[in-house]
Amino acid sequence: MLKLKEGMQIEFETIDDVNMKKIKPQQLDDFDEKFLNKIVGSSTNEVMQVKRTTITQSTAVQVLLNWILLESSEYKVSKFTLFTDAEYNNTDILFSNSAEALFELIRDSNKNNKATITKVKKMYKDVEEFKNVYDSIKEKYEFVSMENIDEKIDENCSELFRKAGINKVVYYQRIKELLQHITVQIMDGIYSKKPYIFTYKKFMTLLEEICSRMTEEITLPQYSDFKKLYSVDFNDLSISKSREYKQLLACELPQPIIKTHLGYGEYYKELRFKYMELNKISKIENIEETTHENFEMVKLELQKNKNDTPFNRLNATKQQGNAYAQNEHVRFGSGIFLTKEGIEDIQISWKDHKHETTEN
């Protein structure tokens, strides 16, 4: 992606008709042989398989089967690349089986109709015809085992993200934001079983947008991306026993709404950490002091109106302005964060401590 030039695009799509609904972003590498990755230019169509694990004979065969299907399609592929990080000590075993041996393996397979090997089996009945496509891929094939991938990424991001002109922390935050956005887009493509196509123009637009949101003065992660990557599991005791959860439970909110509010808190926590990295402690203090002052005024007003309930405290506090919070998700999240255990002086309670529920 970082090497895209004008007129080029990257395509990421699933190969097999399989259920990808349960895949989590951090598990992408476990299923990578199921995905087709293409780098398309005006006169080139490069297919790349990226392996960040040990390449076994089984996964090598799976990659080759996928490529055989592709080479047999209407797509004209100019290059096939198997890419791996040198730290995994992978060797090139993709063509360790001869065409004849692989053909026999395919012929003897009894997997179901949805399996890639079965699709190849139906396509090729003649060994010579199979050998032709096998040899064609081999001629256009390259094995790449790269050392110091992080350094290469840094090298290619340096100019794109203005490394020389900004704080190094901001620079690396921009790279992380790019990775997070692309991960979300790929996961959305997998879930909907649609290809994710990323053009040079989209790339340039995204870079400008990230640079405007992540500066030395402004730190604003993309909320929609964060929400899709952050998951709440109520079976996790660290969540179900947390003060934030118990306080929201006291507001008599349904579980999906509690989950959303816990997400606000995590989003603010992420923003807070980024400000700490930049030593912008005053930004944190201003956001949190204002949130707490808003809460105290809301509580007083509700008590005077004899309408002081946990839900009303939460709801009214969320409606208060906070000039130091850059968007409503930061504003909401700071309130949830301040209900945490261990917050001193400015801790918030939707339900006062002496009445707090002890339910999990």
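Colleague: Which elements are included in what covers the buried residues of α10 (243-250)?

Modeller: This is a predicted model, in which local features need pLDDT of at least 70 and side-chain atom pairs count only at pLDDT 80 or more, while totals for chains, interfaces and linings use all residues. Residues are numbered from 1 along each chain as its sequence is written, and side-chain values use heavy atoms, with hydrogens and water left out. Eight of the eight residues of α10 are buried (under 20% relative accessible area, with exposed meaning over 50% and partly exposed in between, for a 1.4 Å probe and protein chains only), so this helix is largely enclosed by the rest of the structure. Helices here are DSSP runs of H or I with at least four residues, and strands are E runs of at least two, numbered from the N terminus; with contact meaning heavy atoms within 4.5 Å, the cover includes α9 (237-240), α11 (255-277), α13 (310-318) and α14 (328-337).

Colleague: Which residue with a positive phi follows α10?

Modeller: Most residues other than glycine have a negative phi. After α10 comes a residue whose phi is positive, near 60°, and this is E252.

Colleague: How are α1 (residues 57-71) and α2 (residues 99-107) oriented to each other, and which residues of α2 make the contact?

Modeller: Their axes, which are lines fitted to C-alpha atoms over the stretch in contact, with angles from 0 to 180 degrees between N-to-C directions, come within 13 Å and cross at roughly 90°. The two helices are therefore roughly perpendicular (65 to 115 degrees, as against under 35 for roughly parallel, over 145 for roughly antiparallel and oblique for the rest). On the α1 side the contact is made by V61, L64, L65 and I68, and on the α2 side by L102, L105 and I106.

Colleague: What is the angle between α5 (residues 149-160) and α6 (residues 168-192), and how does their contact divide by class?

Modeller: These helices pack at about 105° with their axes 11 Å apart, which makes α5 roughly perpendicular to α6. The contact is formed by D154, C157 and S158 of α5 together with Y171, Y172 and I175 of α6. Counting Ala, Val, Leu, Ile, Met, Phe, Trp, Tyr, Cys and Pro as nonpolar, Asp, Glu, Lys and Arg as charged, and the others, Gly among them, as polar, the contact has four nonpolar, one polar and one charged residues.

Colleague: In the loop between α5 and α6, is R162 buried or partly exposed?

Modeller: R162 is found in that loop, and its phi is positive, about 55°, although it is not a glycine. At 37% relative accessibility, R162 counts as partly exposed.

Colleague: Which residue of β4 (residues 79-85) is the bridge partner of V50?

Modeller: Six of the seven residues of β3 (residues 45-51) are buried, so this strand is largely enclosed by the rest of the structure. Two strands pair if DSSP finds at least two bridges between them, and six bridges join β3 to β4, the two running parallel. In β4, the partner of V50 is F83.

Colleague: Which backbone nitrogen lies 2.9 Å from a polar atom of the side chain of D126?

Modeller: D126 lies in the loop between α3 (116-123) and α4 (127-139), and it is partly exposed, with a relative accessible area of 38%. The backbone nitrogen 2.9 Å from its side-chain polar atom belongs to E129.

How values were computed: A polar contact is a pair of N or O atoms within 3.5 Å; within protein, one must be able to donate a hydrogen and the other to accept it, and residues adjacent in sequence count only if both atoms are side-chain atoms.
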